[in-house]
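Work through the exercises below with the sequence and the structure at hand. Each task is followed by a solution in steps.

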Amino acid sequence: MAHVLVNNARKDYGAFKAIKGVSVDIKDGEFVVLVGPSGCGKSTLLRMIAGLEGITSGEIHIGKHVVNELAPKDRDIAMVFQNYALYPHMTVAQNMGFSLRLKRMPRADIAARVGNAARILGLESLLERYPKQLSGGQRQRVAMGRAIVRDPAVFLFDEPLSNLDAKLRVQMRSEIKELHQRLRTTTIYVTHDQIEAMTMADKIVVMKDGRVEQSGSPLDLYDRPGNLFVAGFIGSPAMNFINGTMTPEGFRTADGVVLPSDRTMAEAVTYGIRPEDIRLDPAGVPVSIVVVEPTGSETLVVAKLGEQTISCVFRERIKAKPGDLLHVSPNRPTIHLFDREGSRLGA
Ligand code: ATP
């Protein structure tokens, strides 16, 4: 079993506290994504699980063992890094088999494992090439192949796609997800890209300043973000936050526009609405267009609601120019209310 449990882990670098009491429970076979802005501590946490960083206090369990004191090679993990770190003087096959040769595995067994991983990753025709003769995506696949041949209990990925161009990133994203569906190996994946997190994860752990802000399934976090940080981080374009106060008629913005709300919690000072949850509605509130960006499938409109700027994503094509008025309404069930501390109000 490769259940991974991080229990109240801390990491201090001198006086600087990089990880401030983090607990994460990763079930056997789960694909968990650690996500957060630069410097939040996600790579540090991954490296602590890998054994590449010591742990100041707390416990890390992999399977039945507390691994705090175990060397990386004894943790039954395989890590895939951002920069692949392939050996330039070795062929693809040699790169993939290298860790097994170190373990003195018989040649025939190495060949079988490398062959199997190559088949899974579509690398069979490239086994005799050198890294410099490969594309970025192919190198990334070899790096994954090196992890797969070891048949570890846990895969750890540290921003593995960040050196690839946008199109390849999307392709590799689904390849990694498919690979996980096939192998069902417990996987912990670090990224700063919330779209990667949303599309790949069984469970997302959102981090900020060395702490976990919220964890849950992608759609849980999207539908019920627990605070303003998570609400603004998950979803693209980001959720609109509109300041104001709650009145019996609805949420009154700082500019005096009243927005409809089914819930009328008195503590609400921020009204959150996702751009895709705003629709055109002749009976809605007027907004003044700033920018119209058609993408073909939809139209992104940046507009002023009083003095506050909001983004809207419409399925319709919009023929309008800056300064024109549109009338819009929120899809009521999807509004989010937050209190003065930035905590979510209600379910
Ligand atoms: P990024 O997305 O930029 O890689 P991250 O969330 O992965 O960010 P970490 O690399 O985990 O962030 O770093 C967390 C914090 O710990 C940062 O503020 C970083 O400056 C600090 N840090 C990391 N390694 C060390 C170190 N060896 N000594 C001191 N501080 C460190």
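**Overall layout**

The protein contains eight helices and 20 strands. The model is predicted.

**Exercise 1.** Find how the protein is divided into domains and state how far apart the C-alpha centres of domain 1 and domain 2 lie.

Solution. Begin with the extent of the protein: its C-alpha trace spans about 75 × 45 × 35 Å along the principal axes. The division gives domain 1 (4-233) and domain 2 (240-345). Their C-alpha centres are 38 Å apart. Seven residues from domain 1 and eight residues from domain 2 take part in the contact.

**Exercise 2.** Determine which residues touch the most other members of the largest nonpolar core.

Solution. This core has 86 residues, and V33, L34, I49, L156 and I188 touch the most other members. Helix α4 (residues 136-149) supplies the largest share, six residues. Both domain 1 (4-233) and domain 2 (240-345) contribute at least three residues each to the core. Next, take L156 and set aside its neighbours within four places in sequence: L46, I49, A50, I77, M79 and I188 are in contact with L156. For the protein as a whole, 36% of the 347 residues count as buried.

**Exercise 3.** Describe how helix α3 (residues 107-121) packs against α4, by axes, crossing and residues.

Solution. Two packed helices are described by the angle between their axes and the distance between the axes. The axes of α3 and α4 come within 9 Å and cross at roughly 135°. That angle makes α3 oblique to α4. The crossing is right-handed. On the α3 side the residues are R113, V114, A117, A118, I120 and L121, which meet R141, M144, G145, I148 and V149 of α4.

**Exercise 4.** Are helix α2 and α4 roughly parallel or roughly antiparallel to each other? Give the residues that meet as well.

Solution. The axes of α2 (residues 92-102) and α4 come within 8 Å and cross at roughly 30°. Angles under 35 degrees count as roughly parallel. The two helices, α2 and α4, are therefore roughly parallel to each other. The crossing of α2 and α4 is right-handed. From α2, residues V92, N95, M96, G97, S99 and L100 meet V142, G145, R146 and V149 in α4.

**Exercise 5.** Find what share of the contacts with a separation of 6 or more joins residues 24 or more positions apart.

Solution. Take the contacts in the protein with a separation of 6 or more. Residues 24 or more positions apart account for 64% of these contacts.

Methods:
Residues numbered from 1 in each chain as written. Predicted model: local features only at pLDDT ≥ 70, side-chain atom pairs only at ≥ 80, totals over all residues. Core = buried A, V, L, I, M, F, W, Y, C linked by C-beta atoms within 7 Å. Buried ≥ 20, exposed ≤ 12 C-beta atoms within 10 Å, placed from the backbone. Helix = DSSP H or I, 4+ residues; strand = E, 2+ residues; numbered from the N terminus. Domains from an automatic or database assignment. Contact = placed C-beta atoms within 7 Å. Axes fitted to C-alpha atoms, helices over the stretch in contact; angles between N-to-C directions. Parallel < 35°, antiparallel > 145°, perpendicular 65-115°, else oblique. Left-handed = near helix turned anticlockwise from the far one by under 90°.
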